[in-house]
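Please keep the sequence and the 3D view open beside them as you go.

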Amino acid sequence: MTDGYRVVPAKLATAASGLDGRAGALRTVQQAVAGERVPATAFGQVSASSGCAAGLAKTLSALAADVDQRIVRAQVLRDGLTASSAGYRRADEQVAAMYRSLLPEDPVPSAGKSASSGGWAGTIAANRTKVSDALAAERTRLAGLSDPDAVARSKRRIALYQSILDDHRQILRFDPSGNGRIAELVGSIQPGTRNVGLFVPGVHTRMDTFQSYADLGRSLVAADPSGRTAMVVWADGVFPQNVTTEGAEASYAQTMAPNLKAFGDELRGQVDAQTGGAATITAIGHSYGGATVGLADQQGLPVDRVLHVESAGMGHGVWSPADLPPSQAGVQRYSMTAPLDPIILAQGNAGALEWTGIGHGADPDTFPGVTELTTGHDAAGDVQWGLSSHSGVLKPGSDSWENIYGVLTGGHVTEAPVPVPAVLP
């Protein structure tokens, strides 16, 4: 009987990365050697100089060819290790899924059990396989990149994929094509869950920038010591990548809103099935994500609360409560905008251009029935304003983050002071 052995895909991937680095170093040497030119007078004016120079040139050429062969071998080994890593991961997931299918579903998950034991178990398992395949493909793609920005983006994707696999993250949606589409459940939805957040980010959202939003979800879940809070970070759409041009267009939000509404229906079903309807769901839209949430709200997004954070607007064509359906009458709505955040240039403006597909409806801060919350100070108590505040409001410890947590959990929030009208003499 032979001894058993254990394969660690992460180590195969690490070895592949090491070979890729060695191939890069060899490529540099090969280019230097191949580019070396030996003049006929390199050995002086003696009669044998040209012959010596020709011999050295031949040696350098042979060396360059040998190095080139070694590069090819390293790349073949790298590709083999990468493919093996992906294959072992895929096999692990398939075997795990097979065993899970033989086990009865636990109707009452334990306190620490993730939602992967519930209705999303198959989806999460299938997406792990997709992520494993995407990791292998991205490592191969990275080897052929030279543009520094493209290299940096690729490395961030690889880091995300590796984290998803190593940390057993719960991925509900995954598509690596283009800028990438993804949605992740942070925490668990179980009978004791009482607060579920659905966060939608804005401009510049891509697969390689997703981690920062996932970190926000983690900070909110970790802040609840009772473990009754979960977050879904939803980036399952094509987001605008340019603030000044694409950011003003409603088409991105109009395309994403129906998908967000459909996902909201699915989320509500999962939450109600696990909690018996005892948990509330809060949709949180940041920047362009606010306009997307607003349009999904107009389409009947099944949530209990909506929070606009530095939001571009209530949604294209949403100017008054009359523009929302009766199903949304009981939804609590909140908004916050840091002082002098440039987003104020978009809020409530472009009404005259709405017919062109530009603009995002009313200003959430002044929309009837919306409670405006205070923001403008970071965790240290320093004033937070201007361009940096647009994303700074999401940082833990800031007054805005505290208000996000308060809305999500139905706890304490700090309302913005009501402006006192000037009294003329």
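Does lysine 261 count as buried or exposed?

1. A word on the source comes before the details. This is a predicted model, in which local features need pLDDT of at least 70 and side-chain atom pairs count only at pLDDT 80 or more, while totals for chains, interfaces and linings use all residues. Residues are numbered from 1 along each chain as its sequence is written, and side-chain values use heavy atoms, with hydrogens and water left out.

2. The protein chain contains nine helices and eight strands, where helices (H or I, at least four residues) and strands (E, at least two) are DSSP runs numbered from the N terminus. Of its 425 residues, 45% are buried, a word that here means under 20% relative accessible area, with exposed meaning over 50% and partly exposed in between (1.4 Å probe, protein chains only). Taking contacts between residues at least 6 apart in sequence, 74% join residues at least 24 apart, and contact means heavy atoms within 4.5 Å.

3. The eight strands form an open sheet with mixed pairing, in the order S1-S2-S4-S3-S5-S6-S7-S8; two strands pair if DSSP finds at least two bridges between them. Strand S1 (170-175) and strand S8 (370-372) stand at the edges with a single partner strand each, so one side of each has no neighbour in the sheet. From one strand to the next, the twist averages 15°; axes are lines fitted to C-alpha atoms, for helices over the stretch in contact, and angles run from 0 to 180 degrees between N-to-C directions.

4. Strand S2 deserves a careful look, because five of its six residues are buried and it is largely enclosed by the rest of the structure. On one hand, S1 and S2 run antiparallel and are joined by five bridges, with glutamine 170 having leucine 185 in S2 as its bridge partner. In the hairpin of S1 and S2, which has five residues between the strands, glycine 178 takes a positive phi near 60°. On the other hand, S2 (residues 181-186) and strand S4 (residues 229-235) also run antiparallel and are joined by five bridges. Leucine 185 has valine 232 as its bridge partner in S4, and alanine 183 stands opposite tryptophan 234 in that strand.

5. Lysine 261, the residue of the opening question, lies in helix H6 and counts as buried because its relative accessibility is 18%. Leaving aside neighbours within four places in sequence, lysine 261 is in contact with Ala296, Gln299, Gly300, Leu301 and Pro302.

6. The axes of helix H6 (residues 251-275) and helix H7 (residues 288-298) come within 8 Å and cross at roughly 55°. H6 and H7 are therefore oblique to each other, given that angles under 35 degrees count as roughly parallel, over 145 as roughly antiparallel, 65 to 115 as roughly perpendicular and the rest as oblique. The residues of the contact of H6 with H7 divide into 10 nonpolar, three polar and one charged; Ala, Val, Leu, Ile, Met, Phe, Trp, Tyr, Cys and Pro count as nonpolar, Asp, Glu, Lys and Arg as charged, and the others, Gly among them, as polar.

7. The axes of helix H3 (residues 121-143) and helix H4 (residues 148-166) come within 9 Å and cross at roughly 150°, and H3 and H4 are therefore roughly antiparallel to each other. The crossing of H3 and H4 is left-handed, and their contact has nine nonpolar, three polar and six charged residues.

8. Which strands does H7 lie across? They are strand S3 (195-200), strand S5 (280-286), strand S6 (305-309) and strand S7 (332-336), and H7 runs at about 135° to S5. Helix H9 (residues 399-409) lies across S3, S4, S5, S6 and S7, running at about 170° to S6.

9. Methionine 336 has its place in strand S7 and counts as buried, because its relative accessibility is 0%. The C-alpha atoms of methionine 336 and threonine 375 are separated by 6.5 Å, although these residues are 39 residues apart along the chain. Not counting residues up to four places away in sequence, methionine 336 touches several residues, including Leu307, Thr375, Ser400 and Ile404.

Definitions and conventions
A crossing is left-handed if the near helix is turned anticlockwise from the far one by less than a right angle, and right-handed if clockwise.
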